[in-house]
Amino acid sequence: MLKHRVIPCLLLRNGGLVKTCKFGNPKYVGDPINAIRIFNEKEVDELMVVDILASKEGREPNYALIEQFAGECFMPLCYGGGIRSVEQAQQLFALGVEKVCLQTAALEELALVTQIAERFGSQAVLVCADIKKDWLGRRQLYAAARGKTVSRPWRTFLEECVAAGAGELVVNSVDRDGTMAGMDIELIREAAAALPVPLIALGGCGSLADIKAAVAAGASAVAAGAFFVFHGPHRAVLITYPRYQELETLLSAT
Amino acid sequence: MNGTIAIPGIPCGNFASVLRMIQKCGGDARIVSSPDGLARYQKVIIAGVGAFDYGMASLRHGGWTDVLGDLALQRKVPVLGICLGMQLMCSASEEGGLPGLGWVDAEVRRLSPEPGSGLKVPHMGWNTVRVLRPNPLLDADDGEQRFYFVHSYYVACRRDGDVLATAQHGKDFAAAFNRDNIYGVQFHPEKSHRFGMALLRNFVNL
């Protein structure tokens, strides 16, 4: 049977790894190569690396660094950040990246999703929707590179992404980012039911129980940052990943 | 060390990960850019992702089909197809109109899990395989083996004996097949940690 994936999501900022809280306060958590090497040894299901400044600063992906990441990954690697053209995506695939994750470019224009899907297959292109609650508690699509919410309904946007060729979707709760306070289960349930492609839930995961809850709500995969890089009440940096048997036991009943 | 592995450099391939994993296994693999260079190799991996017709068209227009057929069927060198590479070895695919290489009596069909099963297509992620018979690539008594899959179409073998291992997504399908010197795997051994490494090491040592 197909297993639910549990995916460390690492944030890259000026070549170092950071972890944010609600998309702010980036805290340095270490050298990315070292972290990726540890995650590879722990046999993680998949790895996601997102350069959180690339789009904001209008930069291209840091190919030299990403190539080193790919060299350490004997599991699928997904990269996001600063991708604006098919040529850039192609360059990333040639380095050994399996999937590219679009966000800023997809919010502006879905043509790039289609172009990448047509050339490299739907499985190679993900779209990440950051979702932030407004003061009335309504979930709004959020454009992180501009720091603004977008008026388009998030569900419509994600449905358009699937129609455009996205093979997977990431739904990220901005308000829960880095809090480890639990995931937005209602959002995950609604998104998973509405969308025909695998859904990766992100934002707020702080325990194995959170992973289980997200899977029970329909997520095909659960991604987390803080949960895999922080340890204990003082958030000391420690890279961890559940043992395979632990995940098997946790998710077998769902 | 039993010879360098040739990987036909067709445009639908993503070879960096395969090359790295082979190297990690102690083997040597090269991307061969033209079919002329292929004949001197003792082993071949056909790796690729994407649509069936695009893959077949890439093999045909690049002039690969005859020399690959000669290696696989006449000289009988070990050949491994990965993902689309496995599917291209079959006779035909529901995904496209072009005939396949036809080395293995099988056709490629669309995955279509029952509505309401909650199963999604593509079948993407880690799945366990059941090894059906002893073979040089997959150890039958190695406990649970899991591999990374990404595909929307699956291989249906016409001869049960060709199926090496099955995986399940709605129903059982051929996760790996083998006929004589020809092997195919639907999953990505190059992205499947020690499980994939063991398989590729076995292929390197064939």
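Trainee: Which residues touch the most other members of the largest nonpolar core?

Mentor: The model is predicted. In it, the largest nonpolar core has 159 residues. Val100(A), Leu169(A), Val171(A), Ala201(A), Ala219(A), Val222(A) and Ala223(A) touch the most other members.

Trainee: What makes a residue count as touching Ala219(A)?

Mentor: Two residues are in contact if their C-beta atoms lie within 7 Å. Leaving out residues up to four places away in sequence, Ala219(A) touches Ile188(A), Ala192(A), Leu199(A), Ile200(A), Ala201(A) and Ala214(A). Each of these contacts therefore meets the 7 Å limit.

Trainee: Why is strand 10 of chain B called largely enclosed?

Mentor: A residue is buried if 20 or more other C-beta atoms lie within 10 Å of its own. Four of the five residues of strand 10 (residues 153-157) of chain B are buried, so the rest of the structure largely encloses this strand.

Trainee: How do you know that strand 6 and strand 10 of chain B pair?

Mentor: Pairing needs at least two bridges. Strand 6 (residues 106-110) and strand 10 of chain B have five, in the antiparallel sense, so they pair. Within strand 10 of chain B, Tyr153(B) is the residue opposite Arg110(B).

Trainee: What makes both faces of strand 1 of chain B covered?

Mentor: In strand 1 (residues 5-8) of chain B, Ile5(B) and Ile7(B) are buried on one side, and Ala6(B) and Pro8(B) are buried on the other.

Trainee: How many bridges join strand 1 of chain B to strand 2 of chain B?

Mentor: Four, and the two strands run parallel. Ile5(B) stands opposite Ala29(B) in strand 2 of chain B. Strand 1 of chain B also runs parallel to strand 3 (residues 43-48) of chain B, joined by two bridges, with Ile5(B) opposite Lys43(B).

Note on methods: Residues numbered from 1 in each chain as written. Chains lettered and ligands numbered in written order. Predicted model: local features only at pLDDT ≥ 70, side-chain atom pairs only at ≥ 80, totals over all residues. Core = buried A, V, L, I, M, F, W, Y, C linked by C-beta atoms within 7 Å. Buried ≥ 20, exposed ≤ 12 C-beta atoms within 10 Å, placed from the backbone.
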